[in-house]
Every structure is written in C-alpha cells, then in structure tokens.
Amino acid sequence: MGGVALDDGSCKVKAPDGGWGWVVLFGCFVITGFSYAFPKAVSVFFKELIREFGVGYSDTAWISSILLAMLYGTGPLCSVMVNRFGCRPVMMVGGLFASLGMILASFATSIIHIYLCVGVITGLGLALNFQPSLIMLNRYFSEKRPLANGLAAAGSPVALCALSPMRQVLQYQYGWRGGFLILGGLLLNCCACGALMRPLTAPKKPAGELAIEEGASSSEETKKPKPKAKLLDFTVFKDRGFLIYAVAATIMVLGLFVAPVFVVSYAKDLKYEDNKSALLLTILGMIVIFARPTCGLIAGHRWVRPRCVYLFSFAMLFNGTTVLVGALSKDYGSLVVFCIFFGISYGMVGALQLEVLMTIVGTEKFSSAIGLVLLMEAMAVLVGPPSAGKLLDATKDYKNVFLLAGSEVVLAAVVLATCNFLFIKRPAQEQDAKLENGNAATEMEQLNKLEQELVVEEEEEAPHPSRLHLDEEGEEDGYLGDDEGED
C-alpha cells in the first residue's frame with residue numbers, strides 16, 4: 001500500500017490527463033451524484049407509501065437499504081461486465097435499468113413491488129453506472145488523478161442539494177407515483193453520461209512501423225499463446241497493500257455514515273424544530289462540496305501523493321475524532337460546529353478513498369479491485385447504521401451512537417497507518433522518483449529498449465576501427481605511389 005502502482009492501463013495507452021478526460025470527469029460527476037443522492041431522495045416518499053400500503057416505517061426503510069446493498073454488493077458482477085463488454089455499453093444498459101425500475105415502481109400495488117423495482121432494478125442500474133465511471137476516470141487521468149477524484153466525488157453533495165428541493169415539489173405536486181415516473185425519466189441521463197465514456201485508443205503510427213510491429217507480434221504469437229483476460233482478477237488478494245486497505249475500509253464504513261444519518265434526529269431530540277434541524281445537513285453538504293476538490297488538489301502535490309495512504313489515515317482519524325467530540329454536543333451551536341468539521345473530514349475521506357485504491361492496484365487491476373472492495377463494504381453498510389439504531393433503541397441516548405461510530409472510524413485509521421508502516425517496505429524516495437519520472441516504469445523500459453536499439457544500429461553503420469586503419473594505410477600507399485610515378 002505504501003507503493004505506487006504503475007498506471008499503464010488495460011489498453012496500454014498513456015492517460016491523457018485532460019482533453020476528452022474532462023468530459024469523462026463531468027459524466028462521472030453526474031453519475032456519482034445520482035448514485036449517492038438518489039437513495040436519500042426516495043426517502044421523502046416514505047410517508048405516502050406508508051399510507052398507501054398500510055406498512056410501518058421500518059418496512060419502507062428497507063427500500064433504501066436494498067438499493068444501497070445493490071449499489072455496493074454487485075461490485076464483482078460489475079467488474080466482470082466491464083472486463084467482458086467495456087465501460088460504455090455497461091453504463092448505457094445500467095442507465096436503462098435505473099430508469100426502468102423507477103417507471104415500473106410508479107405502477108406498484110404492494111411494497112414488495114417497490115422493493116423489487118426501486119431496490120433491485122434501479123439499484124443494479126446505478127451500480128452498473130457508478131463503478132464503470134470510476135474505472136474510466138482512472139484511465140483518463142494519472143498525474144491529475146487526485147484532483148479528478150476530488151471533483152468527481154463532489155457530485156454527491158451537489159446532487160443532494162439539488163434534489164432536496166426538487167423532491168419536495170414532486171411530492172406535493174405529483175404524489176409518489178408521478179414523482180417516481182419523473183425520477184425515472186431523470187435517470188435516463190445516466191445513458192447520456194455512459195455515451196461520454198469513449199474508450200482510449202492508441203495514436204496512429206506510420207505504415208512502416210505498423211507493418212514491423214505486426215510482423216514482430218505475429219512471430220511472438222507463434223512462439224507463445226496469448227493468455228486469456230481474467231473477468232475477475234483475484235490476484236489482488238496477494239497484494240498486502242490491497243488486503244490492508246480492504247480491511248481498513250470495511251471497518252471505516254461501519255461508522256462513517258452513522259453521523260449524517262442521525263445528526264438531524266439528534267437535533268430534534270434536543271427540542272429544535274424540523275426546519276432548523278434539517279439545515280444541519282445543508283451546512284454539511286456545502287462544506288463537503290468545497291472540501292473534496294480542495295483535498296484532491298492537495299493530494300496531487302508531488303510530495304504528498306506518494307504518501308497519500310497516510311493522508312487518508314489522517315482524514316479518517318480527523319473524521320472519527322470529530323464524531324467522538326460531537327457526541328458531547330448539547331446545543332444547536334455546537335451541532336453546527338460539528339457539521340462544519342465533520343464536513344471537512346468527510347470530504348477528505350471521500351476524495352481520497354478511491355484515489356488510494358487506484359494508487360495501490362493500478363489501472364489494469366482496478367476494475368476487479370473496486371468490485372471486491374465494494375462487496376466487502378456492502379456487508380458493513382448493511383450492519384453499521386442498523387446496529388447504531390439498535391443501540392439507540394436500547395440506550396435512548398444519541399451520545400452512545402456517536403461514540404460507537406467515531407471509535408470505528410478511528411480504529412480504521414489506526415489499522416491502515418500502522419499496518420502500512422509495519423508491513424509495506426517501500427521507501428518514500430523510490431515512490432517520489434517514480435512519480436517524478438511520469439509514474440510509468442513501462443514507458444522507461446520502452447525508452448531504454450529504444451536507446452539500446454539505436455546504439456546497435458550506430459555500431460552497425462559505423463566502420464570497424466581495424467577496417468578504418470587498413471583503409472587509411474591503403475589511401476596513404478596509393479598517394480605515395482602516385483607521387484613516385486610522377487617523379
């Protein structure tokens with residue numbers, strides 16, 4: 001984990017770090033916003049669903065839980081689909097699934113239909129968009145990747161702030177059925193974002209070089225067969241860095257989402273009105289919007305980037321400590337201060353989480369690594385908030401909930417930093433050298449090979465020293481002979 005993997009790309013094309021990559025970044029920004037904000041947007045219709053189907057609040061809460069479980073738990077399936085068909089077709093099909101699920105849900109006659117349509121179909125569609133968009137972002141950016149990750153991660157709070165007033169209008173103007181239908185149409189934008197994910201292609205070469213390369217490749221193919229591409233690469237588990245990251249990220253997710261879920265209820269428990277309590281989430285979201293790109297910019301610094309694992313550990317430690325201190329809040333002012341500091345630390349974690357994973361495994365294995373990590377995090381997502389809710393039911397005190405969540409995030413930070421320091425033996429100087437040299441050892445190998453070929457060609461073209469000596473003697477003899485003849 002302490003090392004920096006080589007981002008040579010599955011298609012062996014150097015990341016352009018710009019150009020069409022900014023369009024890909026915009027698509028990833030939109031997809032990230034839909035993926036994380038949509039489960040919260042659906043929750044505004046829960047009261048109407050309770051009245052419509054005669055169920056309890058816990059029954060409607062399963063809608064968001066199933067949706068999130070599909071978003072995280074289908075990670076390996078998404079990895080297989082991307083490695084088999086590519087990012088663009090998978091995302092466009094995912095957009096159709098996400099839209100179809102909401103449209104079918106508008107005709108539901110029972111809560112089970114809502115589970116299947118919104119939770120399973122729409123959840124699967126969002127998953128088929130979220131993961132491939134991150135894979136494409138990783139392929140288009142290398143040196144500017146931390147900044148790109150920070151900007152893409154900012155899509156979540158921006159979408160949440162945009163959807164919050166919109167969902168209120170949909171609820172009062174069109175009801176839950178009309179609202180689901182309009183949201184289904186809105187999700188068709190995922191198909192447009194998928195169409196933006198243009199695959200990277202190698203630059204065109206002259207016909208002579210192309211013929212030479214084809215001849216060389218054909219001779220190599222006859223010597224040894226080409227290995228089959230793996231649909232899901234489990235060799236990432238052989239990487240100590242990946243194992244440490246996966247364990248730390250799973251522990252972190254147990255407590256990371258607890259505070260945003262319970263902070264509004266915490267304020268209501270302190271006898272503050274609903275609008276004032278809901279304002280806390282708006283404050284948190286606005287802070288996160290600016291914190292994520294800023295952290296991405298800092299993480300891209302030449303000195304910081306090789307040590308981004310430790311920056312990520314600091315972000316988790318900062319976040320967990322903020323939650324532990326926030327458990328002592330007794331009034332609205334202290335909750336506002338808590339949301340400000342939590343927003344900064346939460347934004348740092350969001351900007352660095354995937355950047356660190358990309359740094360560990362590199363581009364070629366990232367599509368498999370992110371799927372496996374999301375599967376592990378899915379289990380934690382299903383356990384974390386419900387466990388905090390049970391603790392709240394047992395103790396009737398939000399302080400205990402925040403203390404538990406903060407302790408879990410701090411533990412994740414300690415595990416990541418300590419294990420990385422003890423078990424990953426790669427000096428920071430070596431990482432700095434790799435980043436300064438373009439973060440691509442494969443390119444250096446090609447340059448060295450080219451240099452050796454040029455030296456060989458020069459030696460072949462240049463005359464041999466002994467031959468040159470003989471030629472010079474011959475020339476001298478001939479010259480003297482001519483003079484003698486003239487005499």
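Helix 6 covers residues 111–140, 30 residues in total. From first C-alpha to last it reaches 42 Å, close to the 44 Å expected at 1.5 Å a residue. The expected span is 1.5 Å times one less than the number of residues. Helices here are DSSP runs (H or I, at least four residues), strands are E runs of at least two, and both are numbered from the N terminus. Helix 6 bends by about 25° at Gly123. The bend is the angle between axes fitted to the seven residues ending at a residue and the seven starting there.

This is a predicted model: local features need pLDDT of at least 70, side-chain atom pairs count only at pLDDT 80 or more, and totals for chains, interfaces and linings use all residues. Residues are numbered from 1 along each chain as its sequence is written, and side-chain values use heavy atoms, with hydrogens and water left out.

Buried means under 20% relative accessible area, exposed over 50%, and partly exposed in between (1.4 Å probe, protein chains only).

Leu128 lies in helix 6. Leu128 is buried, at 7% relative accessible area. Leaving aside neighbours within four places in sequence, Leu128 is in contact with Cys78, Val90, Met91 and Gly94. Contact means heavy atoms within 4.5 Å.

Two packed helices are described by the angle between their axes and the distance between the axes. Axes are lines fitted to C-alpha atoms, for helices over the stretch in contact, and angles run from 0 to 180 degrees between N-to-C directions.

Helix 1 (residues 21–42) packs on helix 6 at about 150°, with the axes 9 Å apart. The two helices are therefore roughly antiparallel. Angles under 35 degrees count as roughly parallel, over 145 as roughly antiparallel, 65 to 115 as roughly perpendicular and the rest as oblique. The crossing is left-handed: the near helix is turned anticlockwise from the far one by less than a right angle, whereas clockwise would be right-handed. Helix 1 contributes residues including Val24, Cys28 and Phe38 to the contact. Helix 6 contributes residues including Val118, Asn129 and Tyr140.

## Packing against helix 4

Helix 4 (residues 75–85) packs on helix 6 at about 60°, again with axes 9 Å apart. That makes helix 4 oblique to helix 6. The crossing is right-handed. Gly75, Leu77, Cys78, Ser79 and Val82 of helix 4 make the contact with Leu124, Ala127, Leu128, Gln131, Pro132 and Ile135 of helix 6.

Asn149 lies in helix 7 (residues 145–153). Asn149 is buried, at 5% relative accessible area. Not counting residues up to four places away in sequence, Asn149 touches Leu137, Ala351, Glu355 and Met358.

Leu196 sits in the loop between helix 9 (189–195) and helix 10 (207–223). At 21% relative accessibility, Leu196 counts as partly exposed. With the same exclusion of residues up to four places away, Leu196 touches Trp20, Val23, Val24, Phe26 and Gly27. The C-alpha atoms of Leu196 and Ser133 are separated by 9.8 Å.

## The whole protein

The protein has 19 helices and 0 strands. Of its 487 residues, 47% count as buried. Among contacts between residues at least 6 apart in sequence, 87% join residues at least 24 apart.
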